[in-house]
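Me: I am new to this structure. Could you take me through some of its parts by question and answer?

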Amino acid sequence: MATTEGDELRRAVREFLAVTSPSSRVRELMATEHGFDDVTWRQMARELGLHGIAVPERYGGAGAGMAELAIVFEEMGAALLCAPFFSTIGLAAQALLCSGDTDAMGDYLPGIVDGSITATLVLNGRLGAWDPRAVTLTAHAGHRISGEAALALDGHTANIVLVAANSESGPSLYAVEGDAAGLTREALTTLDRTRKVARLHFDNVPGRRIGPQGAALHGLVRACDLALVALAAEQVGAAQRCLDMAVSYAKQRIQFGRAIGSFQAVKHRCADMLVLVEGARSAAVRAAQVSDGPELPVTASVAKLACSEALLQVALDNMRIHGGIGFTWEHDAHLYVRRAKASELILGSPDYHAERLAALVTTHVNTRKDDRDHFVLS
């Protein structure tokens, strides 16, 4: 997408969210169990076409890519939008697209695109990174799913729950209807009330296998890397909003006859915040740009690491610059701190991704060395 088209998309999403997701509306929705407004959800899908931006045209989407979708996630992060957009579009839609199952994509993606279907993805019963050794669900004969997912994003409202489950042939992906017999869903109260989480219990629940049995590993790895890019973009948007809030307040708050922004300590803190935000943005943009290539695993982990640390630090600094009022429930600063702490752990903590990067780089270096040795010997 050209820069002007990207700017137009950003402007349209920002203007829409300014009307539908102001702070007052965020606070109303985060206090409900449902967690989002169905009317706004359908408007996002049908009037703005946000759900289908990165979905191929044959399934009703716009056929764009992660670079365009990242713009949407960035604006949603800034607004702390209360909606199952990350779980439906960032997780479930990516898992379907990476599954290679055209029948399943044809059955589910059009409904996701038009807003009639919400969905989520359960990887390991927690919100951590994909790890086939940590799968908590089991698929029995007849595609029956049993086990418990202690934490599932928007699991209590999702129409379709995609689950990774152990089968006789290895990890497989299944689709479970939200109202299926044997599925118990319990909404949970967590630190970040703007993003809903639920506990799901599967008692011999019927499911539909997505893709070949035992062959979900590689598709889920790629889907998770794409979700990391979306999450990183969301974190950048939230960090930028925190920086804007801090700078605006520093210009307006008068102390000792001067705006506090004129004090060197505040200037330096705001400058440090800017450096963090721009560094995180560079990492997120790069990850989105190369999302179709072999660099994705490395850039996705770099983006998650950089953006998680940047958002948490900038959100805390925003609260500190606001002083006493920044620590009150009535001020929005703490909402971004809560989002920062929760997002930091989704799909792997910064420590996890630092270790993953070390492993990826080591593997790459060893591969290059092997290639070089082979070339010399031959």
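The turns below go from a record annotation to helices and charged side chains.

Reply: This is a predicted model, in which local features need pLDDT of at least 70, side-chain atom pairs count only at pLDDT 80 or more, and totals for chains, interfaces and linings use all residues. Residues are numbered from 1 along each chain as its sequence is written, and side-chain values use heavy atoms, with hydrogens and water left out.

Me: How do the axes of helix 4 and helix 5 run relative to each other, roughly parallel or roughly antiparallel?
Reply: Axes are lines fitted to C-alpha atoms, for helices over the stretch in contact, with angles from 0 to 180 degrees between N-to-C directions. The axes of helix 4 and helix 5 (residues 85-99) come within 11 Å and cross at roughly 160 degrees. Angles under 35 degrees count as roughly parallel, over 145 as roughly antiparallel, 65 to 115 as roughly perpendicular and the rest as oblique. Helix 4 and helix 5 are therefore roughly antiparallel.

Me: Which residues of helix 5 meet helix 4?
Reply: Contact means heavy atoms within 4.5 Å. On the helix 4 side the residues are Met-66, Leu-69, Val-72, Phe-73 and Met-76. Their partners in helix 5 are Phe-85, Phe-86, Ile-89, Gly-90 and Gln-94.

Me: Is Glu-74 buried or exposed?
Reply: Glu-74 sits in helix 4 (residues 66-79). Beyond its neighbours within four places in sequence, Glu-74 is in contact with Arg-10, Ala-233, Glu-234, Val-236, Gly-237 and Arg-281. Buried means under 20% relative accessible area, exposed over 50%, and partly exposed in between (1.4 Å probe, protein chains only). With a relative accessible area of 12%, Glu-74 is buried.

Me: How many residues apart in sequence are the parts tied together by Glu-75 and Arg-14?
Reply: A salt bridge is a side-chain nitrogen of Lys or Arg within 4 Å of a carboxyl oxygen of Asp or Glu. Glu-75, buried at 5%, and Arg-14, partly exposed at 47%, form one at 2.9 Å, N to O. Glu-75 lies in helix 4 and Arg-14 in helix 1 (residues 3-20), so the parts tied together are apart in sequence by 61 residues.

Me: Which helix holds the salt-bridge partner of Glu-234?
Reply: Glu-234 pairs with Arg-339, the closest N and O atoms being 3.4 Å apart. Glu-234 is in helix 7 (residues 217-252), and Arg-339 is in helix 10 (residues 333-345), so the pair ties together parts 105 residues apart in sequence. Glu-234 is buried at 7%, and Arg-339 is buried at 3%. The helix that holds Arg-339 is helix 10.

Me: What separates Asp-317 and Arg-320 along helix 9?
Reply: Asp-317 and Arg-320 form a salt bridge, with the closest N and O atoms 2.9 Å apart. Asp-317 is buried at 6%, whereas Arg-320 is partly exposed at 41%. Being 3 residues apart in helix 9 (residues 296-322), they are separated by about one helical turn.

Notes: Helices (H or I, at least four residues) and strands (E, at least two) are DSSP runs, numbered from the N terminus.
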